[in-house]
Amino acid sequence: MNRKILKLENLLRFHTICRQLHSLCQRRMLAQWRHMFSSAYAVHTAQLYTRPWQTDALLRAALSQRRLLVTKKEKRSQKSPLPSTKSKKEVEVWLGMTVEELARAMEKDIDCVYESLMNTAIDIDSLETHSRLDEVWIKEVIKKSGMKLKWSKLKQDKVRENKDAVKRPQADPALLIPRSPVVTIMGHVDHGKTTLLDKLRKTQVAAMEAGGITQHIGAFLVSLPSGEKITFLDTPGHAAFSAMRARGTQVTDIVILVVAADDGVMKQTVESIQHAKDAHVPIVLAINKCDKAEADPEKVKKELLAYDVVCEDYGGDVQAVHVSALTGENMMALAEATIALAEMLELKADPTGAVEGTVIESFTDKGRGPVTTAIIQRGTLRKGSILVAGKSWAKVRLMFDENGRAVNEAYPSMPVGIIGWRDLPSAGDEILEVESEPRAREVVDWRKYEQEQEKNKEDLKLIEEKRKEHQEAHRKDREKYGTVHWKERSYIKYREKRQQQPLKPKEKLERDSNVLPVIVKGDVDGSVEAILNVMDTYDASHECELDLVHFGVGDISENDVNLAETFHGVIYGFNVNAGNVIQQLAAKKGVKIKLHKIIYRLIEDLQEELSSRLPCIVEEHPIGEASILATFSITEGKKKVPVAGCRVQKGQIEKQKKFKLIRNGHVIWKGSLISLKHHKDDTSVVKTGMDCGLSLDEEKIEFKVGDAIICYEEKEVPAKTSWDPGF
C-alpha cells in the first residue's frame, strides 16, 4: 500500500510542476507584449493567468482519499473474502447428436443452437431439428453459449425392451409325426433339372420357361404312385443364381444333384456340391441324358471323386441313379432312392402350435398385392393366421398350392403361396406366427428399431472416420502453409480454389457420359437379388461407372420413369411388363426401357450399354508397305530435303493417307508425306511393284536402306467394356 501511495504522490507532483512551468511561460510572453494592449486588458489577463496553484491542498486531498479507499478495501477483504467466479454449466454431449438433442441438453431453445452456428461454414438453411451435428459444431455451440463440455461415451437412450418374436423351444419327441422330405434339385444350367421334375410331376414346366432356363425357385409337391409325397425345390442352374441355390439348401433335407452324362462336372455342379456340404445335406446323384450315344456315366462318377462325392459303386454312401428325363427312364428308381434316404433320416415335425416356416420367393401380383411362396416347417398354417417375416407382417387372406388351387391348411413340408402381406418380405426370411395384429406390429417396429440402431452405429463410425480425415488434412495444410510467405500462401489457395470451380457444361457432359445410372425391376425378389449379385462383380469403374439408382419387385411404374429421367438412366426389367401408357411416357421423356426374360440377355444388354458410353478406339488399318532401297537429298530453295527411293511391296501407297517409318521393328516416325513421285512425275497413288520417291513432313528424320514405310488409315471402332460377369 505504501508503494502505491508514493507512486501517486510522485505523479501528482510531476503534474503540478508541468502546470506551473506552462503558467510561467505564458506570463513571460504576456509581459513582453503588454505595451501593445490596453491597461484594462492587461489587468484582466494578469488576473486570469497569475492565479497561484494550490499544490499542497490538492496533494493532501488526493492522498487522504486514496488512503481512505485502500483502508476500506482492506477492511472489506478481512471481513469477507471475495466470492469466487461463477462456475460454468456442464453439458453432457455425444457424437452424432441432433440439433434438438443438443438444445435439450443445454436446456436452451433450438434457436440458440442456430444463432451459435451463424457465421460458420455450416449451411444453416439445410439444418433441420433432426440433423446430426459433427464434433466441431457441437464444440462451437457449447463455447459460444458459455458452457462447459463433457463427452459421453454413448448416447444414453432409454433401454427398450426386446419385443422380437422368437422360435418356440424344441417340441416333445412324442408329439412329432413323420413328414414329407423337402428335396432340392441342383446342378449346372441345361443339364435337365426342370425336365426331370416335369416327368415326376407329369407337367410341362420346361416348355414355359424362357430360353429353357429356370429363372427362380419353383416349389412343387409331387405325389408318387406309392402314396408317398415329396416337396421339390427346382433351383436355377445359371451362374447368376448362386444366392438362390444357397437359399434352397438351407430349407432342404436332401439334394438331388443332376449331372449330364454327356457333359460331365461343370462349374455350377461344383458350386452345388459346396452348397450341400455347407448345409450338411445328403446328396443323391442323378446322372441324366443317359439315352444319348455319347453318354458316359462312369466318367461322371470318376470326376466327382475329386470333389469328395463318392458313389456306392466306388465304396461311398452316395446313391447314383442313371436316368433320362426325356424318355422317363428310371424316374421311379430315383424317387425310391430319395424316399429310402428320407426314411433313414427319420424326418419328423410338430404339426401343432404356432407356425414356423421360410420364405422361398416373394413377388408383387397386380391383382393380389404382395405374394410369397413359403415352406412350412412347423405347425399348421390356416386362413386368418397372423405372420411375421423380416420387417413385414400378414394376416393370411388366401393360400394356394403350386397349381393355383386354394387350400385351407398348410402342414409341415408343404409349399404354399400366401396372400395378405402388408409389405413384401425378402426371400429367405424366417416366418413366425404371432397371436394378434398389435403383436405383429410390435415385432415389426422392434426389428425396424434394431435396424435403425445398427445404421446409427455405422453412421457414427463413418462420422468419426471422416472427422479424423479432416483433422489429418487440416494438420497437413498447416504444415504445408506454415513456413510459406502470406503472398505465396494466398496464391496457392487461389489456384486450388480455381481447380475446385464448377465444371463447364461441356466438361459436365463428358463426365456424365462416363456414368451409367440403372434402375432394376424384377418379377420376384430372388431374381432381383441375382441381377444385383452379378452387378456387384462389376470391376471396370475406371472405364465407366455403374450407378444403381433403384431396384424393386413389380412392373415398371411412372415413378421409375421419372427417376430414370432425373438421373438420365436406363430401366432394366426382368420378367416384368411396362404398359402402353408407361412406354409412351418413357418415349416422351427420352428414357430407355429394356425388358428381358432371360438373365444372360439382360447382362449382355447391360454390357452393350456400358460399352456405348466409352470413347471410340482408333485402330490402324494398313493399306500398303514399301521398303527403302536408296536415300538421297534434293535442294529446294536454300534447304536440302532428304528423299527415300522406295519400292512398294504390298498393297498401294496413297499420298493422302497417314504413314509411319519402321526400323528394326520400332516405329521411328508417324505423320504425312509432303511429296510422292513416280520417276519425275507427282502422283497420288503408287501400286505394288512400282518404284517411287517420297519425302516426309519432318526434315530431321534420316532414312536408312532397309527401313519400311507403312501406309495406313485410322478408323474409329466402338470400344467394349472389359467387365466379364463370368458367363
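I take buried to mean under 20% relative accessible area, exposed over 50%, and partly exposed in between, with a 1.4 Å probe and protein chains only. Helices (H or I, at least four residues) and strands (E, at least two) are DSSP runs numbered from the N terminus.

I am working on a predicted model, where local features need pLDDT of at least 70, side-chain atom pairs count only at pLDDT 80 or more, and totals for chains, interfaces and linings use all residues. Residues are numbered from 1 along each chain as its sequence is written, and side-chain values use heavy atoms, with hydrogens and water left out.

**Helix 4.** I looked up residues 99–106 and found Val99, Glu101, Leu102, Ala103 and Met106 buried. These buried residues pack against strand 1 (90–93), helix 5 (110–116) and helix 6 (135–144), contact being heavy atoms within 4.5 Å. Just after the helix, Glu107 has a positive phi of about 60°.

**Asp401.** I placed Asp401 in the loop between strand 15 (392–400) and strand 16 (409–410). Asp401 is buried, at 12% relative accessible area. Its side chain reaches the backbone nitrogen of Arg405 at 2.9 Å.

**Salt bridges.** I count a salt bridge when a side-chain nitrogen of Lys or Arg is within 4 Å of a carboxyl oxygen of Asp or Glu. The count comes to 39.

- Asp365 and Arg368 meet at 3.7 Å, N to O. Asp365 is partly exposed at 24%, and Arg368 is partly exposed at 33%.
- Lys395 pairs with Glu437, the closest N and O atoms being 3.9 Å apart. Lys395 lies in strand 15 and Glu437 in helix 13 (residues 437–481), so the pair ties together parts 42 residues apart in sequence. Lys395 is partly exposed at 37%, as is Glu437 at 23%.
- Lys660 and Glu620 meet at 2.8 Å, N to O. Lys660 is in strand 25 (residues 658–663) and Glu620 in strand 23 (residues 617–636), so this pair ties together parts 40 residues apart in sequence. Lys660 is buried at 15%, whereas Glu620 is partly exposed at 32%.
- I also noted a network of salt bridges linking Lys592, Lys594, Asp605, Glu609 and Arg613.

Methods:
Polar contact = N/O pair within 3.5 Å; in protein donor to acceptor, adjacent residues only side chain to side chain.
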